[in-house]
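Hello,

Here is the structure we spoke about, sequence included. My notes on its salt bridges follow below.

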Amino acid sequence: MALLMAAATVYGVLQLLVLSSPTRSVRVSTVLLAVVVGVYGCGVAAALLELAYTRSVAGLTAQSLAEVVDSASYTVDPVIEELVKVTPLLLTGWNLTIRRQWGLTDHVVLGAGLGAGFGLLEAVTRFGLDADRAIEHSAGGWAIPDSLRAPYIPGPEQVFSAWFPAPQGTLELGDLTPEAGTSPHLVYTALAALGIGVLLRARGWARALGLLPLAATSVHHMLTNYAAQHPTDQGVASLADAFEGMLWAVPLGCLGLAVIADSSQLRRGKTVVPGILLRAERSGHLSLTALAGYAAWCVPWSTLIALRFARLRRSLLYAAATSGPYPGFAHLHRTVAWTTGQLDATDHEHAWKGVTLRSVLQTRRRQVDRRRKWFVLVSLGLTIPSLLLLGIGSFPAEADLQEHFASGDGLNILIGFGIAGLLWTGWLLARLLRAWRVMRTIPHGEALATIRFRIWTALGGCVTGVLLLTRLQDDAAPDGPVIRNVHLLEALNNFLTYLGFALTLLALLALFPPGAGLAVATTGVVGGAVTTEAAIHTIALGTLGIVLMAAASDGSGPSSTSSASKGGRQPQGANAAESSGEARVKRGRAYEDYLQEKLGGDGAFKEGRREFDGSFTREDGTEVWYEAKSGKYWELANRDPKVMSKFKANLGEARQIAEMKGKDFSLISEEPIPEDVIRWLSKKKITWQVISKEAG
C-alpha cells in the first residue's frame, strides 16, 4: 500500500509538471526532490515544533497534554504546518540568484511538491504498517476497518483517474464506488507557494498580496481540522465538505495565474536581452515552433537539449524581467548566448549523423566519476530492508514480511541497517556541505536550490536517526511509538521506532552523488580551474552539453573519429579531412588564430624549451600564457596513454616556465575536457576553460 501512496503523491505532482511546461524553468528531478524535502525536511521540522509547543503549553498551564494536543490540532498546528511547508521556498528565495531566476510557475510546482511530500509522510506513518488489517475493496484499493468512516488507500484505478490524488482518504459506509480524494497538503502548499512567489518577485505594495494565499490556506486547514475534531458540529462539517469538493481546482487556478504572469515576463525579456533568440525565432517563427523543429532532428537527444535550453533561457529571462542586472547575470547571459549559437550551428540533419545511443553513453562514461557507481550501490544496498518493509511488505498479501521486521532477527537487521544508514547519511551530508561551498560561486539558481534541498534531506534523515537512537538508549521498545500525542493528524502516534529506521534509510535514495554535469562543474570550479560560463553550461545540459559541443564543432557527433580509428568506413567530409595529421595541424593553427583574435594579445611564441600557443592580458592586468587544444585531441589522448602522459609532462613544464617569468598559465580547449583530466588540472592548480570556435 505504501507504494500506491507514493504513486498517488508523485502522480499528482507530475500532473502539474506537465501543465506547467510552457513557463517552468526547474527540472522534473528538482520538483521530485522537493517532494522528498517535504517528507524529511518539512515533516521532521513540523513534528519537532509541534512537540515543543504542546509540551511547553502543557508544562506552563494546568491543561493535560491530551487537551493541549486536541486544541492545538485546529488552532496552532495548522499554522505551524503551513509555515513550515513554505519555509524551503523562503530560505531558497533568500538567495538573490535563485529569487531572480525562478518564476511564479516554479514556485507553484515546487510548493505542490513540498506539500505532497508532507502529506505522504502523514499517510505512511499512519497506515504504512497496517497491511495485516487492510481489506481489499471490490472496486479497488484497501479499507482499514477501524470506524464507520474507515481509512481508505486508493488503488491504481482511483489514483490514475483523479486530479491530484491523496495517498489516503476515507470510505463511507456502503460506498461501492470509492474515489481518491484530492491531496489537501498539495493544494494548500501550491496556493501558499504562489503567494511566496508574489512576495519575492513583486514590487512595492503588491508584495503584500502574497500574504493572502498563506492566510487562506491556514484558515482552511484550521477549519478542516476543527470539523474532524468536532464531527457533531454539522454547520462546520457541511462548510468543510463544500470546500473539499472544490480543492482539485485550486492548483489549476494557481498554475493558470502563474503561467499568464510568467508568459508576460518571458515575452518582455526576449525584447530586452540580446543574443538569445534562435535563428528560426529571428526569422519570425514562434519559440515553440523553433524549439520543436530543433527537437525533431535527433530524438531523444536533440529533444532533451531543446527542453534544457528552453528552461535555462527562461531562468535568464525571469532574471532580466525584474529590477535590472545583478551579480552573476552577465555570466548566465553569456552562457545562454553561447548555447544559442551551438543550437544554431546544429540546426540541420548532418550535425546529428554521428549521434547514437552508443556514442552518448560513451561520452557519459568518460565524464562520470567511476567511484559514483559504488556510492550508488552502497546507498541502494542499505535501503533493501526498507524497500522490503514498506514496498513489498505493505501489501496485504505479503503482510507476513512486515511482521518479520517487527521482532526477532528481522528487527535487529533493520536497526543494524538503520545505524549504518545513519553513519552513511552523515558522511554524505559532509560531502554535500563541501559541495555547497563550491556551488555558491556559480550563479545558476536551480543548481543552488538543488544542493540546498539535498542538504535539508540529509539533515532531516540524520535528525530522525539520532532521535531514534536516543529513544532506544532510553529503553524504548523498538516496536513502540517514538512520540505520542503530536499532531500531523495524529500520524506520529503510529510512528513506531522500526518504521522510523525504515524511513530514514529511504532518504538515501535522494542522496545519490550528482550526475556528470554537476560533478564536472564542481570539480572544475575548485581553484578557479573552469570558467563560470562552462560550469553553468555543464550543469544545465549535463552530458548532452558535450554531445552538443561535438555536434556544433564539425557536425559529426562525438564518436565518428573513434569509429573510424577502429577500422570502420572512413567518415566523409570534414571528419575525413581531420583524420590526417596535416588537417589536424591546420585546424590547430586556425584555432590558435581564432583565440588570438578573440582574446587579444600575442600569438604563438617560444620561451626556453617550450612553445606557447599564445598570451593575453586579463582585465586585472595579469598576463596569461596558454596552451590550446583543438579538434579531437581528447579522444586521441584517451585512447593512447603515451599521448596523455606526454600532455601532462609538457603542461607541467609549460606552467613552471610561465611562473618563473611571473606569468599565469592556463589551458584552453575547443572541446569539453574529460573529468579525469579536470581532476588532474585541479590537483595541479592549473586553470582551464572551454572556448568553442563554432559557438563563438
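Salt bridges in the model

Glu-82 and Lys-85 form a salt bridge, with 3.1 Å between the closest N and O atoms. Please keep in mind that this is a predicted model. Both residues of this pair belong to helix H4 (residues 77–93), where they sit 3 residues apart, about one turn of the helix. Glu-82 is buried, and Lys-85 is buried as well.

In general, side chains of opposite charge can pair when their charged atoms come close. The count for this model comes to 11 salt bridges, a salt bridge being a Lys or Arg side-chain nitrogen within 4 Å of a carboxyl oxygen of Asp or Glu. Two others are described here.

One of them joins the side chains of Glu-281 and Arg-313, at 2.7 Å from N to O. This pair links distant parts of the chain: Glu-281 is in helix H12 (residues 279–282) and Arg-313 is in helix H14 (residues 301–321), 32 residues apart. Glu-281 and Arg-313 are both buried.

The other is between Arg-334 and Glu-533, whose closest N and O atoms are 2.7 Å apart.

Regards

Methods: Residues are numbered from 1 along each chain as its sequence is written. This is a predicted model: local features need pLDDT of at least 70, side-chain atom pairs count only at pLDDT 80 or more; totals for chains, interfaces and linings use all residues. Side-chain values use heavy atoms; hydrogens and water are left out. Helices (H or I, at least four residues) and strands (E, at least two) are DSSP runs, numbered from the N terminus. Buried means under 20% relative accessible area, exposed over 50%, partly exposed in between (1.4 Å probe, protein chains only).
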